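Please look at the sequence and the three-dimensional model shown below, and then work through the questions that follow.

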Amino acid sequence: MTKNRILIVEDDKGIADGIAVNLQYSGYDYAVYTDGQEAADALREDHGYDLALLDIMLPGLDGFDLLPHMQNHNIPVIYLTARSDATSEIKGLRGGAEDYITKPFDPLTLLVRIEKVLDRCGKLNKILRVGDIVVDCENHSVQKNGAPIALKPLEYELFTLLARYKNRTLLRERILNEIWGSDYFGDTRTVDVHIANLRRKLAISAQLVTVPKYGYRLED
Amino acid sequence: MKTKQNLWLKISILCIGVLCLAVMVCGALITLPAWPFTPLWRLVLAWGISILVGGVLIFWLVRRALKPFMDSRQTTAATTDRRQEMFIRGLMHELKTPLTAIMLHTDTLLSANLSQADARNSLAHIYRQSRWLDQMSQKLYKLIKLEEATFQTRPEDIPALLEDVRQSTADTLRERQTPLKITCATDSLSLDYDLIKTLLINLVDNASKASAPGQQILLRAYGNTLEMKDSGYGIPADEIAFVTDPFYMVDTSRNKSRGGSGLGLALSKRIADAHKAQLHIESAPNAGTTVRVVFPEKTSQ
């Protein structure tokens, strides 16, 4: 199973590191550059990336100038920028970028957007592994130690979400939103019930941890 | 600015009113002999027309006279508004970056199961960004305080001031390996000690950041002038006019990685302005920069 590889070009070390550590813990490989020109030069030798996260205001080449370089190698781009004015957004997206996130942003939103773009471009990793459980997103199947486990559709969605963002605490509300949609009239107890089912069916009571007052975390 | 505009508007209306009245009275006196012989409606009509014509004429004349004056006031107001807007935009932008980093790292610490080493790394970033925010707010505070400053200038010993600046910057200069040479040919100048010390420390800091390790930077005092010279990075010709704008940075990331906020020169310019001193900047890429603060004539002794 190959990990998705992400190119980060961001000149602020604090932000670059913050993104990197989140990518790392979510199972992505990555490379960081702090200068647009350096990134463009390095791309000639090594362009094996599934996605690029570009800051707009960069030394050397700026984010917009880097786009053609990315397009040459079929690397989809998500812009990260502090500018929130509408003209930049249109320019960025018109230029051919897949998405656009304004700072400040929370890591989970970034990860979800990355996933959506990768999925749209057909580059998303279709196999998820958590401990001895394997999820095949292509075939919608879940196996534990090689033995297939039958899950109801919502249980499958829930487990996939937890597995994708494993080792990360997900808020109950967030889970409800992502799986059941934001117009769902029920409350978060639905989430609790489905979690209990998952624990039972997959025998992961130890790995599927309850974080009091927050939500749940699936550990590796 | 706005109240002054209103004042002039009021004065001009008053003038017009008075002149109209004068025209009316003159007109009445001139035509007085004819009153008994003219029907009332004719009198009223004549007065009406004369007031109207006279009023319009006077109004037009007054407006023409005041126009250049009002126009310049309007452009000054517009420029000030634009400057304020740019300042706020610059500030917002400068705040977003450290805030993003802090939020990213705190969110990560709270939600991801980080290893000890990674957790420490995130905490270090948060600390660094917080310190930077603190530095910036201190500079901003000084900038704002200068607006309302009623500061005092006194004759100050220049050699002592320059040495004080050397002491204050010794550590950073040693770290960057950019030795400072001081030449002082002025005994005394009338200035605010603390403000000029801040200004000189900023110039020394900039000169040092622009220089490569081993390059010397030069601080001189002669006549009414304090001069800071370096042989480092330099400023492109088309950017020299902007370097004293708040938050403006030539080559942003190079500056930021050394803790720059773009406020130093803005503050220095304000300090110079407050002293009615001129701030001159000469520079060329890779040929170094010279910054001169020239105090008004009567301050040297």
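A salt bridge here is a side-chain nitrogen of Lys or Arg within 4 Å of a carboxyl oxygen of Asp or Glu. This is a predicted model, in which local features need pLDDT of at least 70 and side-chain atom pairs count only at pLDDT 80 or more, while totals for chains, interfaces and linings use all residues. Residues are numbered from 1 along each chain as its sequence is written, chains are lettered from A and ligands numbered from 1 in the order in which they are written, and side-chain values use heavy atoms, with hydrogens and water left out.

Q: How many salt bridges are there between chain B and chain A?
A: Side chains of opposite charge can pair when their charged atoms come close. A search of the whole structure finds 26 salt bridges over all chains. Between chain B and chain A, however, the count of salt bridges is zero.

Q: How much area do chain B and chain A bury between them?
A: Contact means heavy atoms within 4.5 Å, and by that rule 22 residues from chain B and 26 residues from chain A take part. Buried area is the accessible area (1.4 Å probe) that two parts lose on being put together, summed over both. Of the area buried here, 59% is on carbon and sulfur atoms, and the total is about 2,100 Å².

Q: Which helix of chain B gives the most to the side of chain B that touches chain A?
A: Between the two chains, chain B and chain A, there are twelve residue pairs in polar contact, both at pLDDT 80 or more; a polar contact is a pair of N or O atoms within 3.5 Å, where within protein one must be able to donate a hydrogen and the other to accept it, and residues adjacent in sequence count only if both atoms are side-chain atoms. Helices (H or I, at least four residues) and strands (E, at least two) are DSSP runs, numbered from the N terminus. Helix 2 (40–111) and helix 3 (116–147) of chain B each supply at least two residues of this side. With twelve residues, the one that gives the most is helix 2 of chain B.

Q: At what angle do helix 7 and helix 8 of chain A pack?
A: Axes are lines fitted to C-alpha atoms, for helices over the stretch in contact, and angles run from 0 to 180 degrees between N-to-C directions. Angles under 35 degrees count as roughly parallel, over 145 as roughly antiparallel, 65 to 115 as roughly perpendicular and the rest as oblique, so helix 7 and helix 8 of chain A are roughly perpendicular to each other. The residues making the contact include A:Trp180 of helix 7 and A:His194 of helix 8. The axes are 9 Å apart, and the angle is about 85 degrees.

Q: How far apart are the axes of helix 2 and helix 3 of chain A?
A: Helix 2 (residues 36–45) and helix 3 (residues 63–72) of chain A pack at an angle of about 10 degrees, which makes them roughly parallel. Among the residues in this contact are A:Leu43 of helix 2 and A:Met70 of helix 3. The distance between the two axes is 10 Å.

Q: Which residue forms a salt bridge with A:Asp46?
A: A:Asp46 lies in the loop between helix 2 and strand 3 (51–55) of chain A, and its partner is 41 residues apart from it, in strand 1 (residues 5–9). The closest N and O atoms are 2.9 Å apart, and the partner is A:Arg5.
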